[in-house]
Amino acid sequence: MNPVIVVHGGGASNISKDRKEWVRQGIIKAAEAGYKILMDGGSAVDAVEVAVAFLEDHPEFNAGCGSVLNVNGDVEMDASIMNGQDLSAGAVSAVRCIANPIKLARLVMEKTAHCFLTDQGAAKFAAVMGVPTIPKEQLVTERNIKRLEKEKHEKGALKLDCQQDLGTVGAVALDCKGNVAYATSTGGIVNKMVGRVGDTPCIGSGGYADNDIGAISTTGHGESILKVNLARLTLFHVEQGKTLEEAANMSLGYMKSKLKGLGGVILVSKAGDWAVKWTSTSMPWAAAKNGKLHSGIDLNETSITDLP
Ligand SMILES: CC(C)C[C@H](NC(=O)C[C@H](N)C(=O)O)C(=O)O
């Protein structure tokens with residue numbers, strides 16, 4: 001099996017020119033890091049975890065350091081991961097003061113009898129697993145303080161359908177043994193209520209992976225994604241014989257027509273085909289396969305280069 005990895009950096013709009021290059025480089029580096037693991041014979045789960053953890057550490061993306069702030073100015077993060085080999089899954093929601101929620105989600109998957117831990121329980125589990133806590137300021141960037149101020153000032157109330165400039169992160173991969181996996185991580189949406197949980201940690205909404213079909217990671221308006229189970233819905237269409245592009249168009253189209261919800265998806269099939277699709281303004285993405293790196297941010301703008 002020729003390995004494949006696809007990475008996304010959320011549904012974004014109005015990325016300024018100088019930020020764009022920085023975002024593009026981040027996404028490409030994440031894809032390269034994951035692809036290297038796959039080329040060395042590593043697992044799809046390892047590859048998606050590494051790619052997503054890289055973007056959590058990158059301050060430009062809305063996950064880990066760089067997460068958007070809730071109404072109190074705090075970071076609360078959601079993440080999930082799934083192994084398509086046995087449908088094992090791990091998720092955490094509303095976690096604070098840790099650098100890499102995706103690594104904690106993986107520990108939930110592999111070290112507990114459960115698949116989802118939240119808030120204080122997740123924090124206790126992190127402590128037991130030896131995950132270091134970090135001061136909350138370490139996750140907060142100047143840009144996100146300004147963004148929260150702007151959101152409160154300009155809109156007053158939550159207005160979730162025209163978020164600007166964000167960057168939830170996700171990855172899907174197929175490894176040389178034919179196993180697929182996904183990982184998704186986010187700070188959620190700016191000015192959210194304390195305790196708000198979005199689609200990202202919910203298996204079937206924020207992502208899904210099944211070796212018999214493929215893997216998907218989603219981004220976009222969490223409440224809409226939850227209502228249509230965007231990830232599982234898209235893979236259902238694939239199971240029914242649609243191509244990845246057709247399936248993504250159908251499920252994103254359904255979410256838009258039913259709920260006016262916008263979002264994006266990245267997909268890999270069990271055969272190694274891949275696709276990226278979004279209804280938001282743009283979506284930074286990169287895909288690595290057969291020694292080639294494909295990447296883009298805006299519609300109809302794809303570049304292809306050779307991988308190192
Ligand atoms: C406007 C959208 C496309 C921006 C997108 N947001 C999320 O993915 C939020 C996440 N699904 C949630 O609801 O918690 C982003 O961060 O890039």
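A polar contact is a pair of N or O atoms within 3.5 Å. The exercises below apply this and other cut-offs to a predicted model.

**Exercise 1. The ligand and its surroundings**

Task: Determine which N or O atoms of the protein lie 2.7 Å, 2.8 Å and 3.3 Å from atoms of the ligand, and state how much of the ligand's accessible area the protein covers.

Solution: 
- Step 1. An N or O atom in the backbone of Gly-220 is 2.7 Å from a nitrogen atom of the ligand.
- Step 2. Turn to the side chains. Thr-168 has a side-chain N or O atom 2.8 Å from an oxygen atom of the ligand, and for Asn-62 the corresponding distance to a ligand oxygen is 3.3 Å.
- Step 3. Consider the cover. On its own the ligand has 440 Å² of accessible area, of which the protein covers 96%.
- Step 4. Describe the shell. There are 15 residues around the ligand, and Thr-168, Arg-196, Asp-199, Thr-219 and Gly-220 come nearest. The shell consists of 12 polar residues, two charged residues and one nonpolar residue.

**Exercise 2. Helix 3 and Met-82**

Task: Identify the buried residues of helix 3 and the elements against which they pack; then decide whether Met-82 is buried or exposed.

Solution: 
- Step 1. Helix 3 spans residues 101-111, and its buried residues are Pro-101, Ile-102, Leu-104, Ala-105, Arg-106, Val-108 and Met-109.
- Step 2. These buried residues pack against helices 2 and 4 and against strands 2, 3, 4 and 6.
- Step 3. Met-82 is located in strand 2. Its relative accessibility is 2%, and therefore Met-82 counts as buried, the cut-off being under 20%.
- Step 4. Examine the neighbours of Met-82.
- Step 5. Compare sequence with space. Met-82 and Ala-183 are 101 residues apart along the chain, yet their C-alpha atoms are separated by 6.7 Å.

**Exercise 3. Salt bridges within and between elements**

Task: For the salt bridges Glu-21 to Arg-24, Asp-74 to Lys-136 and Glu-245 to Lys-277, state where the partners lie and how accessible they are.

Solution: 
- Step 1. The whole structure contains 16 salt bridges.
- Step 2. In the salt bridge of Glu-21 with Arg-24, the closest N and O atoms are 3.3 Å apart. Both residues belong to helix 1, three residues apart, which is about one turn of the helix. An α-helix has 3.6 residues a turn, so residues three or four places apart point the same way.
- Step 3. Glu-21 is partly exposed because its relative accessibility is 40%, whereas Arg-24, at 18%, is buried.
- Step 4. Between Asp-74 and Lys-136 the closest N and O atoms are 3.0 Å apart. This pair links distant parts of the chain, 62 residues apart: Asp-74 is in the loop between helix 2 and strand 2, and Lys-136 in the loop between helix 4 and helix 5.
- Step 5. Asp-74 is buried at 12% relative accessible area, while Lys-136 is partly exposed at 41%.
- Step 6. The side chains of Glu-245 and Lys-277 form a salt bridge with an N to O distance of 3.1 Å. Glu-245 is in helix 8 and Lys-277 in strand 10, so the pair ties together parts 32 residues apart in sequence. Glu-245 is partly exposed, with 40% relative accessible area.

Conventions: Residues numbered from 1 in each chain as written. Predicted model: local features only at pLDDT ≥ 70, side-chain atom pairs only at ≥ 80, totals over all residues. Heavy atoms only, no water. Near = heavy atom within 4 Å. Polar contact = N/O pair within 3.5 Å; in protein donor to acceptor, adjacent residues only side chain to side chain. Areas by Shrake-Rupley, 256 points an atom, 1.4 Å probe, with all protein chains shown as cover. Nonpolar A, V, L, I, M, F, W, Y, C, P; charged D, E, K, R; others polar. Buried < 20%, exposed > 50% of the residue type's maximum accessible area, 1.4 Å probe, protein only. Helix = DSSP H or I, 4+ residues; strand = E, 2+ residues; numbered from the N terminus. Contact = heavy atoms within 4.5 Å. Salt bridge = Lys/Arg side-chain N within 4 Å of Asp/Glu carboxyl O.
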